Amino acid sequence: MKFTCDKTALTEAVNIVQKAVATRSTLAVLEGILIKARDGKVILTGNDLEIGIEGIIGAEVLSEGKVVVNSNLFCTAVRKMTGETVVIETTASNTVSIKCGNSDIKLNGINGEEFPEIPKFETEFDLVLMQRELKDLIRHTIFAVGTSESKLILTGCLLEASGNNVNMVAVDGFRLALKKLSRQEESVSGIVTDVSIVIPSKTLKEINNIIGENDEKIIIRCSQKNVRFEFDNIIFTSRLLEGDYIDYKKIIPQEFKTKIKADLKSLIEAVDRASIIITSEVTKSPLTLNVANGVIKITCETSAGKVEETVPAEISGGEIEIGFNNRYLLEALRASEGEQIYIEFIGPINPCLITPEKGDSYKFIVLPVRLRSDS
């Protein structure tokens, strides 16, 4: 195999593909990148058996072939070379020669036939979004995804699509995050019914790190067990989580006794400041919100000290005192948008609902922490 390509394009592709390379594996081939040259292009592939990423770049292919090279060594070698054009050539013994500028680096490779193929599958339906739309869906929900392997289905986000509407949902047992997206055109093709899939959080986090805040399209091709994201000469393949996702609509409360409207920025800053004395996950105390007389009084007391903050609010309904895990509350607030938000309460041991001042583009639910005074 021998080809010539642009160093910048190669570096960018390697940086993306490397995200799917296994960091620790009993199989050396999984710690490598597959380099395949053919038909005037080079395909770089990483595959850790959970996700697979292919990056495609244009190249002058002088002879076709494929080889696997250690990901870290190859990435470092390409990044540190000076020059604009890279020439890569392999020998019969799978030695990889990388020439660029005044450098000639040789790395020991592995036969490309040993690299596991990324699953190929027939798609049942496609979803088409703009990259910024998918990024927005992920940002508003990923913080609430579950981490317990005993509830594997909750370690992913539910993606639903129906006509012009796309929702993403995350639930971890202590909170819920729902982001709604209304598009000008339908997103689903290839199937006539409403669709839903559960995408692993690892996949969404890596996709979020790769895609841009732009209007370029991303095509999401789905089967029963796998999903493939296609964008910007990148093909990102992942397994899906199988099973029935929780009926999240039943979790969302419909009636409340107290409703407040407050400035979002002020509330975030107050909760953040009140959290500074929480120095240990083991001995942490909850934040207490006391809603009365036109203010939200936020207090926290630990062995490190005591903090009290007040935030003005418009209050309707009765007074309430309620405790929260500071991180859960803060993450929900930081994912919120707009200058003002609504927070609705049922009682001191019931979940609260956070929504925007206008519309219903997101809904966040946070379960409270029992205070010592709670019966």
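Figure 1. C157 is buried, its relative accessible area being 0%. The structure shown here and in the legends that follow is a predicted model. With a disulfide taken as a pair of cysteine sulfur atoms within 2.5 Å, the count for the structure is 0 disulfides. C5 takes part in no disulfide, and the nearest cysteine sulfur, belonging to C100, is 8.9 Å away. C5 is also classed as buried, at 5% relative accessibility. C157 likewise belongs to no disulfide; the nearest cysteine sulfur, that of C222, lies 14 Å away.

**Figure 2. The protein chain as a whole, given as context for the close-up views.** The protein chain contains 6 helices and 26 strands. Along the principal axes, its C-alpha atoms fill a box of roughly 80 × 55 × 35 Å. Of the 375 residues in the protein chain, 51% are buried. Among contacts in the protein chain with a separation of 6 or more, 67% are accounted for by residues 24 or more positions apart.

**Figure 3. Packing of helix α1 against helix α2.** Helix α1 spans residues 7-17 and helix α2 spans residues 71-80; their axes come within 10 Å and cross at roughly 150°. Because angles over 145 degrees count as roughly antiparallel, α1 is roughly antiparallel to α2. The crossing of α1 past α2 is left-handed. On the α1 side the contact involves K7, L10, T11, V14 and N15, which meet F74, C75, V78 and R79 in α2. Sorted by class, the residues of this contact comprise 5 nonpolar, 2 polar and 2 charged.

**Figure 4. Packing of helix α3 against helix α4.** Helix α3 is formed by residues 131-139 and helix α4 by residues 201-210; the two pack at an angle of about 135°, and their axes are 10 Å apart. This angle makes α3 oblique to α4. The handedness of the crossing of α3 and α4 is left-handed. From α3, the residues L134, K135 and I138 meet L204, I207 and N208 of α4. The contact of α3 with α4 consists of 4 nonpolar residues, 1 polar residue and 1 charged residue.

**Figure 5. Packing of helix α5 against helix α6.** Helix α5 (residues 264-274) packs with helix α6 (residues 326-335) at an angle of about 155°, their axes being 10 Å apart. The two helices, α5 and α6, are therefore roughly antiparallel to each other. α5 and α6 cross in a left-handed sense. In α5 the contact is made by L264, L267, I268, V271 and D272, and in α6 by N326, L329, L330, L333 and R334. The contact of α5 with α6 has 7 nonpolar residues, 1 polar residue and 2 charged residues.

Figure 6. L264 is located in helix α5. With a relative accessible area of 5%, L264 is buried. When neighbours within four places in sequence are set aside, L264 is in contact with L333, S336, E337, G338, E339, Q340 and I341. The C-alpha atoms of L264 and A161 are separated by 29 Å, the two residues being 103 residues apart along the chain.

**Figure 7. D39 in the loop between β2 and β3.** D39 lies in the loop that runs between β2 (32-38) and β3 (41-47). Although D39 is not a glycine, it has a positive phi of about 50°. The relative accessible area of D39 is 62%, which places the residue in the exposed class.

**Figure 8. N233 in the loop between β17 and β18.** The loop between β17 (226-231) and β18 (234-239) holds N233. N233, although not a glycine, has a positive phi of about 60°. N233 counts as exposed, at 56% relative accessibility.

Technical notes. Residues numbered from 1 in each chain as written. Predicted model: local features only at pLDDT ≥ 70, side-chain atom pairs only at ≥ 80, totals over all residues. Heavy atoms only, no water. Axes fitted to C-alpha atoms, helices over the stretch in contact; angles between N-to-C directions. Helix = DSSP H or I, 4+ residues; strand = E, 2+ residues; numbered from the N terminus. Parallel < 35°, antiparallel > 145°, perpendicular 65-115°, else oblique. Left-handed = near helix turned anticlockwise from the far one by under 90°. Contact = heavy atoms within 4.5 Å. Nonpolar A, V, L, I, M, F, W, Y, C, P; charged D, E, K, R; others polar. Buried < 20%, exposed > 50% of the residue type's maximum accessible area, 1.4 Å probe, protein only.
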